[in-house]
Amino acid sequence: MTSSELTLRLARPAEATAIASLSRDLIEYGLPWRWTPMRVAASIRAAEVNVLVARIHGKIAGFAIMRYGEDDAHLDLLAVAPPYQRSGVGRQLLEWLEKCAIVAGIFSVALEVRAGNEGAQRFYERLGYHTLAHLPGYYQGVEAALRMGRDLSCRLSDHRIQGTQH
Ligand SMILES: CC(C)(COP(=O)(O)OP(=O)(O)OC[C@H]1O[C@@H](n2cnc3c(N)ncnc32)[C@H](O)[C@@H]1OP(=O)(O)O)[C@@H](O)C(=O)NCCC(=O)NCCS
């Protein structure tokens, strides 16, 4: 995949079902399906939420949902379809959403990840996230979560972000 094949943009309401299906299959497997098409569509409409899709050759390769508060942001969901994993799509999705947080003056991001999902934990660690807490039974009593977080103030030194502030 070359960088010119990948596009990132905000999701459209018609994409809610595809996004919800990716969540069910890649994130919520073995759990009750909570991120239904209706809930994803509500996030797409919500002013304080960015639902971002990565598209390659017209297909959704991945998506991420971030909710922005007064002082911090929360990554609700992030997934990359298996054929596109380990090619930088997840990193680009997350960094795009982090950049929005910084532009809005928000420098703290948190997320929860399934305790058994070690691949995702390594991914978040690689992107600068640290474990903040272990939350037993967080996923409907079925599985524990790790809460992870990142202080984004270190990204202020990122040349590209400094450029957006002028
Ligand atoms: C976790 C996930 C989002 C990562 O997305 P991705 O596009 O595959 O990740 P990237 O290619 O951007 O990875 C960036 C770096 O993170 C690390 N990383 C990514 N996936 C990893 C894994 N499974 N194991 C170890 N390290 C990993 C690597 O250092 C990688 O760089 P490299 O490939 O040059 O070594 C993706 O694997 C996925 O969607 N998994 C299923 C759903 C899921 O677990 N979502 C998270 C729910 S909280």
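Biologist: Which helix holds I19?

Modeller: I19 is found in helix α1. Helices (H or I, at least four residues) and strands (E, at least two) are DSSP runs, numbered from the N terminus. This is a predicted model, in which local features need pLDDT of at least 70 and side-chain atom pairs count only at pLDDT 80 or more, while totals for chains, interfaces and linings use all residues. Residues are numbered from 1 along each chain as its sequence is written.

Biologist: Is I19 buried or exposed?

Modeller: I19 is buried, as 26 other C-beta atoms lie within 10 Å. A residue is called buried if 20 or more other C-beta atoms lie within 10 Å of its own, exposed if 12 or fewer, and partly exposed in between, with C-beta atoms placed from the backbone.

Biologist: And what is I19 in contact with, leaving aside neighbours within four places in sequence?

Modeller: With those neighbours set aside, the contacts of I19 are A11, V40, V51 and F63. Two residues are in contact if their C-beta atoms, placed from the backbone, lie within 7 Å. As for I65, it is 46 residues from I19 in sequence, and the C-alpha to C-alpha distance is 10.0 Å.

Biologist: How many residues does the largest nonpolar core have?

Modeller: The largest nonpolar core has 36 residues, and I19, V51, L52, F63, A64 and L93 are those with the most contacts inside it. Such a core is a set of buried Ala, Val, Leu, Ile, Met, Phe, Trp, Tyr and Cys residues joined through C-beta atoms within 7 Å. At least two residues of this core come from each of α1 (16-27), α2 (37-45), β2 (49-56), β3 (59-68), β4 (73-80), α3 (89-103), β5 (108-114) and β7 (143-151). The largest share, six residues, is supplied by β4.

Biologist: How many residues of β4 are buried?

Modeller: Six of its eight residues are buried, so β4 is largely enclosed by the rest of the structure. In soluble globular proteins, nonpolar side chains tend to be buried together.

Biologist: What does L52 touch?

Modeller: Not counting residues up to four places away in sequence, L52 touches L8, L10, A11, F63, A64, L93, W96 and L97. L52 in β2 is also the bridge partner of L10.

Biologist: Turning to the sheet, what is the strand order?

Modeller: The order is β1-β2-β3-β4-β5-β7-β6, in an open sheet of seven strands with mixed pairing. Two strands pair if DSSP finds at least two bridges between them. β1 (6-10) and β6 (130-139) are at the edges, each with a single partner strand, so one side of each has no neighbour in the sheet. From one strand to the next, the twist averages 25°; axes are lines fitted to C-alpha atoms, for helices over the stretch in contact, and angles run from 0 to 180 degrees between N-to-C directions.

Biologist: Which strands pair in the parallel sense over three bridges?

Modeller: Those are β4 and β5, and L75 stands opposite L111 in β5. β1 and β2 run antiparallel, joined by five bridges. Eight bridges join β2 to β3, also antiparallel, and V51 has I65 in β3 as its bridge partner. β3 and β4 are antiparallel over seven bridges, with Y68 partnered by A73 in β4. β6 and β7 run antiparallel with six bridges, and T131 has M148 in β7 as its bridge partner.

Biologist: What about the hairpins, and how many residues lie between β2 and β3?

Modeller: Two residues lie between β2 and β3 in their hairpin, and H57 in the turn has a positive phi of about 50°. A hairpin of four residues joins β3 to β4.

Biologist: A change of topic: which residues are closest to the ligand?

Modeller: The closest are Q85, G90, R91, G119 and R122, among 19 residues that surround the ligand. A residue is near a molecule or strand if its C-beta atom, placed from the backbone, lies within 6 Å of it. α1, β4, α3 and α4 (118-126) each give two or more residues to the shell, and α4 gives the most, with five residues.

Biologist: Finally, how many helices and strands does the protein chain have?

Modeller: The protein chain has five helices and seven strands, in the order β-α-α-β-β-β-α-β-α-β-β-α from the N terminus. Of its 166 residues, 27% count as buried.
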